[in-house]
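Colleague: I have a model open and would like to go through it with you. Can you take my questions as they come?

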Amino acid sequence: MSDTQPVLSIKDLHVGIEGNEILHGINLNIAPGEIHAIMGRNGSGKTTAASTIMGHPDYEISSGKISLDGEDLLELEAWERARKGVFLSFQYPQAVPGLQVGHFLRKSVASIRGEDSAKGPVFREALKSAMEEVSIPRSFLSRYVNDGFSGGEKKRFEILQLMLLKPKLAILDETDSGLDIDGIRVVSRGINTAIRGSDSGALIITHYSRILEHVKPDYVHVLIEGKIVRSGGPELALELEERGYEWLESGNNEGE
Amino acid sequence: MRESEVMAMEEAREAVGDYDLGWHDPEHSTIRFDSGLSEDVVRKISAIKNEPEWMTEIRVKAYHHFVNRPMPGFGDREALEGIKFDEVCYYLRSSDATEKDWDDVPDDIRNTFDRLGIPEAEQKWLSGVTAQYESEAVYHSIREDLEAQGVIFLDMDSGLREYPDLVKEYFCSVIPYQDNKFSALNTAVWSGGSFIYVPKGIKVEMPVQAYFRINAKNMGQFERTLIIADEGSSIHYVEGCTAPTYSTDSLHSAVVELIALDGAHIRYSTIQNWSANVYNLVTKRGIAHKDASIEWIDGNIGSKLTMKYPSVILKGEGSHAEVISIAYAGKGQHQDAGAKVHHLASNTTSKILSKSISKDGGRGSYRGMVTVSPKAENCKLNVVCDALILDDESQTDTYPTMEVANASARCEHEASVSKVSDDQVFYLMSRGHSEEEALAMIVNGFFEPFTRELPMEYAVELNKLMALEMEGSIG
């Protein structure tokens, strides 16, 4: 990593929920244009990390710092972080019956990127090409947000939002879960279009390496019981695929 | 503003919360009755209006029925007992004439309707407008082409003067004054409201609108509306209502009767946004003849207590009823709303969709009744009621009744109660929307099946209104 200001900087972050500490001192820097992956089993604290960066009010931060482009995020509410450029693709996107997709997208683009980006041909063109990229038909626009969507539709809709909102930092929480091979290919295409060749950073959270075959990470971090126990290049993901997590768990990784 | 007035306004705001339409004009009346009700008051109202003898008689009979009739045994009995009938002003005239030109309406009153956007809406997309201020219509107009086709759209008093036979035939024919205590009260002291007759085969494409504004303190507004759609005709009537915020209560008790003759179609849309010191106790019912259809699109946002159950009697074969309603019960409000449909004839269909939201300790109740008579074959009934509760202090109840006396009927009933989840709000916030905006999106989404039935202009207004309701709601 160079001297440039990181997009995301996390320093010694301790996070708990209802009094139980889940993350025990996380450190992470993501530079512009970099894609990082955090890998770990269920319950290792991956979703806690994602939700904390986005600003979920249920998580209590006992110490540490999170900053975006050098600016402290911890005092900001989720919607303010979103407007600064943080985006989270949810593992379980929520349904909002009665809220039309088209209306919601326009409103969200307006609030994050400004009214001008949400108007007229500028918006229509961006919408059209992003929808093509993630194979979402026009008829989708009049459906209600995540209401009755299949698992795959929900994930593609998250990536559509990523492409339209153009965040500085994209966090993708288990975007590959529940997707078949074609689904993974489609969302990966969207992620690459949104991140590659831009100054944005991305944090991909997953417990399989499958998606990382399509979206090549620059760095891979392994999260076990709330700590990053190892960091490396893309080859670490392949190693995990072969060997599982056991060899890195406490007791087994001493002396490595 | 004098200090005492400022204090009174703040006291009112304290009692009922913020309400954007709660301003009031200085009261200047040309006739104002003393508070309280007696046979004498009833006769005086009739005399001022120079009514035919039969109308005076029916008013007097209705008055005595009102006095002797107990309060309804359901709804919010405690709140009902709190109505101080002696303190209500039963008749107040602010303008001597019903004008056809807004320029002739007294300035204060005209300004009020300007602020409410009525003249603008009229120019853009309405077929006709009647604007009622206190007891009387102050403005009334209908597009000339409709008038030329024989469409009658008048305030009710003018209707009685100009078409006494038609009024006599249908007045109290759908809702007799003995129907309930408040239909008796309305029949005794009614003033204003709309009278509409659509001739055979005429389809009125753009809606006509009535706007009801209460301005004076302790006012009682008792408009009476009668709509007759002759064979094969159709009309869409829209009403809106607002009032100033006062710390004392006002009473609004309307009666609306609809008659849809063979093959006719009446749609009646309401956006009720009374201030939270108004008792809103309204009786609305329609009769649908052969192949006719009646739709009530009923939005209840304001008032202290609303008790209103728009009803349809499916009298003719093949007739159809639809009641789509929403209720929003905020701080200090109880919305006891619902629908009634009676299937008296074969092959009749009905659909009821009721949605309510309770917030800040408000209470939303659905009260519905659907009946199928023994002779009515092959009827279809569908009832859906959904409630959304925004916090732990608020309440929702459902009182559905179905009495089906013919086994061939196909009945469907669904009910749901849901809460706004933190995860839903967080999801929307992560897309750049503040907590208030997120709530407004969820609430407007919940009401969408209702909103999409409204003319676009009303839908936009309703969404704005609900966004305002969500403001300042985050602790």
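Predicted model: local features only at pLDDT ≥ 70, side-chain atom pairs only at ≥ 80, totals over all residues.

Modeller: To start inside chain B, the buried residues of helix 10 of chain B pack against helix 2 (39–48), helix 3 (53–68), strand 9 (224–229), strand 12 (255–260), strand 14 and strand 15 (283–288) of that chain.

Colleague: How many residues of helix 10 of chain B are buried?

Modeller: Nine of its nine residues, 181–189, are buried, and helix 10 of chain B is mostly covered. Among them are B:Lys181, B:Ser183, B:Asn186 and B:Thr187, along with B:Phe182 and B:Leu185.

Colleague: Strand 14 of chain B was on your list. Which way do its residues point?

Modeller: From strand 14 (residues 278–281) of chain B, B:Val278 and B:Asn280 point one way, B:Tyr279 and B:Leu281 point the other way, and all are buried.

Colleague: And which strands is strand 14 of chain B joined to?

Modeller: Strand 11 (residues 250–252) of chain B runs parallel to strand 14 of chain B, with three bridges between them. In that pair, B:Leu251 is opposite B:Tyr279. Strand 17 (residues 305–308) of chain B also runs parallel to strand 14 of chain B and is joined to it by three bridges. There, B:Asn280 has B:Thr306 as its bridge partner.

Colleague: What about strand 6 of chain B, buried or exposed?

Modeller: Five of the five residues of strand 6 (residues 194–198) of chain B are buried, so the rest of the structure largely encloses this strand. B:Phe195 and B:Tyr197 point one way, and B:Ser194, B:Ile196 and B:Val198 the other.

Colleague: Which strands pair with strand 6 of chain B?

Modeller: Strand 5 (residues 152–155) of chain B pairs with strand 6 of chain B in the antiparallel sense, over four bridges. Strand 9 of chain B runs parallel to strand 6 of chain B, again with four bridges.

Colleague: New topic. What is the strand order in the 10-strand open sheet?

Modeller: That sheet is in chain B, the order is 4-3-7-10-13-16-19-21-23-25, and the pairing is mixed. Strand 4 (136–142) and strand 25 (410–419) of chain B are the edge strands, each pairing on one side only. Neighbouring strands are turned by 5° against each other on average, direction ignored.

Colleague: How do strand 10 and strand 13 of chain B pair?

Modeller: Strand 10 (residues 234–242) of chain B pairs with strand 13 of chain B in the parallel sense, over eight bridges. B:His236 stands opposite B:Arg267 in strand 13 of chain B.

Colleague: Domains next. How is chain B divided?

Modeller: The domain assignment gives domain 1 (3–308) and domain 2 (421–475) of chain B. Their C-alpha centres lie 30 Å apart. The contact takes 11 residues from domain 1 of chain B and 10 residues from domain 2 of chain B.

Colleague: Which elements does domain 1 of chain B use there?

Modeller: Helix 6 (118–125), strand 13 (265–272) and strand 16 (293–300) of chain B each give two or more residues to that side. By class, that side has six nonpolar, three polar and two charged residues.

Colleague: Which residues touch the most other members of the largest nonpolar core?

Modeller: A:Ile171, B:Ala229 and B:Ala260 do, in a core of 209 residues. Helix 12 (residues 435–451) of chain B gives the largest share, nine residues. The core lies between domain 1 (3–308) and domain 2 (421–475) of chain B, because both give residues to it.

Colleague: What is A:Ile171 in contact with?

Modeller: Leaving aside neighbours within four places in sequence, the contacts of A:Ile171 include A:Ala50, A:Met54, A:Phe87 and A:Leu203.

Colleague: How many residues does each chain give to the contact between chain A and chain B?

Modeller: Chain A gives 20 residues and chain B gives 19 residues. On the chain A side, helix 2 (78–84), strand 7 (96–100) and helix 3 (101–113) of chain A each give two or more residues. That side has 12 nonpolar, six polar and two charged residues.

Colleague: Last one. What is phi of A:Glu18?

Modeller: It is near 45°, a positive value in a residue other than glycine. Most residues other than glycine have a negative phi. A:Glu18 lies in the loop between strand 1 (8–17) and strand 2 (20–30) of chain A, and counts as exposed because it has 7 C-beta neighbours inside 10 Å.

Note on methods: Residues numbered from 1 in each chain as written. Chains lettered and ligands numbered in written order. Domains from an automatic or database assignment. Contact = placed C-beta atoms within 7 Å. Nonpolar A, V, L, I, M, F, W, Y, C, P; charged D, E, K, R; others polar. Pairing = 2+ DSSP bridges. Axes fitted to C-alpha atoms, helices over the stretch in contact; angles between N-to-C directions. Core = buried A, V, L, I, M, F, W, Y, C linked by C-beta atoms within 7 Å. Buried ≥ 20, exposed ≤ 12 C-beta atoms within 10 Å, placed from the backbone.
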